[in-house]
Each structure stands twice: as structure tokens, then as C-alpha cells.
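Welcome! Please take a moment to look over the sequence and the model before reading on.

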Amino acid sequence: MKRRDFISSLGTVAAFSGVSNAAPFNIIKNLKNSPNDVIRIATIGMGIQGHYDTKAALKNPGVEFVAAADLYTGRLERVKADFGQNIFTTRDYREILNRKDIDAVLIATPDHWHDKITIDALNAGKHVYCEKPMVQAINEGHPVINAWKKSGKTMQVGSQRISGSVFQEAKKLIAAGEIGQVNYVESNNDRFSAIGAWNYSIPTDASPATVDWDTFLKDTAKMPFDANRFFRWRNYKNYGTGVAGDLFVHLITGVHYVMDSKGPNRIFASGGLRYWKEGRDVPDVMVAILDYPKSGNLDPFQMVLRVNFANAGAINNNTRIIGSEGQIDFGWDGLTLTKKKLPKAPGYGNYDSYFTFSESQQKDFEKWYNEKYTEADRKGEPVKEIKIKGKEGEDEHANHFGNFFENIRKGSQATIEDPIFGFRAAAPVLACNDSYFQKKPISWDPVAMKLV
Ligand SMILES: NC(=O)c1ccc[n+]([C@@H]2O[C@H](COP(=O)([O-])OP(=O)(O)OC[C@H]3O[C@@H](n4cnc5c(N)ncnc54)[C@H](O)[C@@H]3O)[C@@H](O)[C@H]2O)c1
């Protein structure tokens, strides 16, 4: 069964339970988000990801896009051109939250607006899909979680790759012990282009007339209009979260999901601004080491993350989870599981101290070794390599929304990436920034979700 068929069949089961004989008619009539209802969505922040999110959401059945908010006039025009002249557009997201006919909002603004709009939306009774990282600063995490709990609404954080079959397969492989005890995770995401380094195109009509600059600034330092800051906000720590919040967060989300981990307890990051010195105040090279403590069935392990936006060398981006009996290597279209197991017998000879022994000691040693280790003890498990491809035609982004909508229809808060999961992924990457700027390791309690 395809995942989407599964979801829609779940919808059907729920639909029958919704019209059970026991339920009085007026309750059925007023039931919000009954399984058969169309879910009406609005997107707040209609830039690059706002478009991708909206299109991915609409690939699911029973979803209607009705409104969009953005601070730049050109993007509001683009929404109508792409999605229909009847889409309601506004610069003020509160107009969307005030509308009773909107069930869920997609938040794809720059990072510094995530917490405020999420909390306002939950308080206004909307379900929320919020882009990663869930918050811009560690102290914003618990207020979002509390608002979500109080609201009873469904919330999904948008690091969508874990809704792909490859990550789901990796999770099963690790739980089944296929690579033994994980001891090390490494991941890098290097780039070598201006757009890769976030210098996105700026429209020529950018001005205080076309952009609501004061609203964009939110509670950050007031300053005259600056198109670079508005359209390339990732380059400034007031609005974005640097390479850690932007890219490490995807890597860590995947690892937490497949390993069932709550997060690291010690985080150290180093780096610098090496090449893109056009005015940005965040590093373009960052390396982070995260120490994961023993937790449940997981032994302690280290995670090492790297981004280099000025890598003119060979770029070979990969994510590897390494264990005592193999590794999982994530590629673009699937994963490779490599299994190998050491033999019980350590071996001797070649580059070893054996050749330095006296003649008679070498003989004694051989005799001792042959008595101690059987033939079977000397054989390691042969190396096995298994390639697992993602499902043909699968759209993990649409699936991620599918999970969000499925939970809305069930009246459930148990999304695959709820705000507790989202904060456990965001906080360690935000701690990477704290470590970099404060030049010190950061201690974090991943269970209580608090700085130590
Ligand atoms: N999940 C992913 O794979 C993925 C990929 C890219 C971006 N993202 C995330 O999506 C978010 C947006 O990134 P982007 O690349 O689309 O940025 P972008 O600059 O292209 O778009 C952001 C838009 O938000 C608007 N905006 C800013 N403040 C607003 C406010 N208060 N109300 C309404 N609109 C507001 C801006 O006008 C802009 O059009 C970021 O948080 C980013 O981390 C996620």
C-alpha cells in the first residue's frame, strides 16, 4: 500500500466513526475538521519555501489554499498569478488569523518571526505547519510548546526529509541492530556558488514602498531600509540562524528520527567568515562536535557536522551513521548499508610487534594462538553492501504535509515532527551558534530541554 493510500484509507475509517449512530446530528454538523471536510490553508511568508510548501500541501487531497500574507508587494502579486486571483492576500498575517474559515497556516517567514506567528496562530485556534528551525533562539522553545499544548491544535515542524521512505527504512535498520552500536555520525553540506551561499536575487523595485520594512524588523535593531537584509536575511544573525539553524537542523532532525534520540548534552562549534565578506555577520565555514549521552538503548556517540560555503575543492556531501558492525550512508536517492564484523581472533603478523620477537618466542606465540583461536574465530563476517532506494515517485514533502493533515483530521497532536521533536532538533543547532559566538562549549539537557 502506498503511504498516501494508507492515509486516505485511514481517513475513510475515521469518516465512518464520525457518523456513528451515537453522535447527535448537531455535533456532526458542527464537527470541525471532520475527516470529510476540506482543510483550508493559508501561507504566511510567500517567498521561496512558501511556494514549495504550498504546492506540497496541495498535493494532498481535500486541501484548499485560500490566503497568503507577505511583506513584499511583488510576492503577493506572484501568489495571485500562480494560485489564482481569488486568493486573499495581505501584508498583515493577523488578518489571516482573524478569518474563521481558515483551518491551518503554513509559516514560511524568516526564522525570527517563527515563534511569534506560531503562538499567535495557535492562540487563534489554527493548526500550524512551521518551517525549520522551529524557533530562532533557545528561550523561545518552551513558549511555543506551551502554546501548542494549551491550544490542543495539531502542529508540524517542517524538516520534511524524515517523511521519506529512506529515513523510515534507516530507522528500522538501526532498531534491528544492523550496524551494531552507533558510535559516530558525520554529515557535511558544502557549497561553492553565490546562490548556494544565500546571495539570492533582489528585485529591482525593492524599496520602502514595496516592502513593509518596519514589520520585518520585528523587535530587532531599527535601521534604514536595506534590501540585502530583507531579501538575504539568512546572512544576518538578527533574522536567521546561520548555517547551523539553516542546514545542520536538517541533518540533526534525520539523526534524531532514525536513532530515536532526544539530543546531545554538550555542543561545541568553531568556524569563521572566510570568503563571503559582503557584509554578512554569520560564519560561512562551521564545524560542530555534538556529544550524545547514553540514552535508552543508545550508547554514547559523537556527531560531527560541517558546512563550508567556500569549498573550491571536491564537494562530496554525505551523511553517515557509523556503528560497531557497519554503517548507513545516505545518498541523494537512497541509502547504502554496509555491514562488516570483526573476527574474534585479533590476527598477527604484518604491521604488528610479532616480527620483533625472538625466533623461539615467535614459535611459542604461534602455538599459543593456534590453541586459543578456532578456524571460525579467525573469520570476520564478509563485507555486505545493500543499496536501498527511495520509493519510486515518492514526494517526502507532500508526505510530510499528509502526516500533518491526517493528524488534523483525527483530532490528534501526534505528528511525526511535533514541537517537542522540533525543539529538540532546533536547540542543539542554536547552541552551535551560541558556542561559536561565545567561544565556549554549551551544555544542554536534552530530556528537560534546558540549558545547563
Ligand atoms: N524545509 C526546507 O527544506 C526549507 C527550505 C528552505 C527554507 N526553509 C525555511 O523557510 C523559511 C523561509 O525561507 P525562504 O527561503 O522561503 O525565505 P524567503 O526570503 O524567500 O521568504 C520569506 C518571506 O517571508 C516574508 N515575511 C517576512 N516576515 C513576514 C511577516 N512578519 N509576515 C508575513 N510575511 C513575512 C518575506 O516577505 C519573504 O517573502 C525559513 O525559516 C527557512 O529556514 C525551509
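## Two domains

Into which domains is the protein chain divided? They are domain 1 (3–163 + 399–410) and domain 2 (166–343 + 379–393 + 419–451), with bounds that come from an automatic or database domain assignment. Keep in mind that this is a predicted model, where local features need pLDDT of at least 70 and side-chain atom pairs count only at pLDDT 80 or more, while totals for chains, interfaces and linings use all residues. Residues are numbered from 1 along each chain as its sequence is written.

The C-alpha centres of domain 1 and domain 2 are 25 Å apart. Their contact takes 25 residues from domain 1 and 34 residues from domain 2; two residues are in contact if their C-beta atoms, placed from the backbone, lie within 7 Å. On the side of domain 1 that touches domain 2, at least two residues each come from α4 (73–83), α7 (141–151) and β6 (155–158). Helix α7 gives the most to that side, with four residues. Helices (H or I, at least four residues) and strands (E, at least two) are DSSP runs, numbered from the N terminus. Sorted by class, this side of domain 1 has 15 nonpolar, six polar and four charged residues. Here Ala, Val, Leu, Ile, Met, Phe, Trp, Tyr, Cys and Pro count as nonpolar, Asp, Glu, Lys and Arg as charged, and the others, Gly among them, as polar.

## Around the ligand

Have a look at the ligand next. There are 27 residues around the ligand, and G45, G47, Q49, L71 and E131 come nearest (a residue is near a molecule or strand if its C-beta atom, placed from the backbone, lies within 6 Å of it). Domain 1 and domain 2 each provide at least three residues of this shell.

Which helix gives the most to the shell around the ligand? It is α3, with three residues. Both α3 (48–58) and α9 (213–217) supply at least two residues each. By class, the shell has 12 nonpolar, nine polar and six charged residues.

## The sheet and its helices

An open sheet of 10 strands runs in the order β14-β13-β12-β11-β7-β10-β9-β8-β15-β16, with mixed pairing. Its edge strands, β14 (381–389) and β16 (450–451), each pair on one side only; two strands pair if DSSP finds at least two bridges between them. Strands β8 (residues 266–272) and β9 (residues 285–292) run antiparallel and are joined by seven bridges. S270 stands opposite V287 in β9.

Helix α8 (residues 165–175) packs on the sheet, where it touches β7 (182–188), β12 (326–330), β13 (334–341) and β14, and its direction makes about 15° with that of β13. Axes are lines fitted to C-alpha atoms, for helices over the stretch in contact, and angles run from 0 to 180 degrees between N-to-C directions. Helix α15 (residues 419–438) also packs on the sheet, touching β8, β9 and β15 (442–445), and its direction makes about 55° with that of β8.

The axes of α8 and α11 (residues 242–259) come within 8 Å and cross at roughly 45°. That makes α8 oblique to α11, since angles under 35 degrees count as roughly parallel, over 145 as roughly antiparallel, 65 to 115 as roughly perpendicular and the rest as oblique. In this contact, F167, A170, K171 and I174 in α8 meet G254, Y257, V258 and M259 in α11.

## Backbone details

Most residues other than glycine have a negative phi, and most peptide bonds are trans. A cis peptide bond joins K132 and P133, with omega about -15°. W198 has a positive phi, near 75°, and is found in the loop between β7 and α9.
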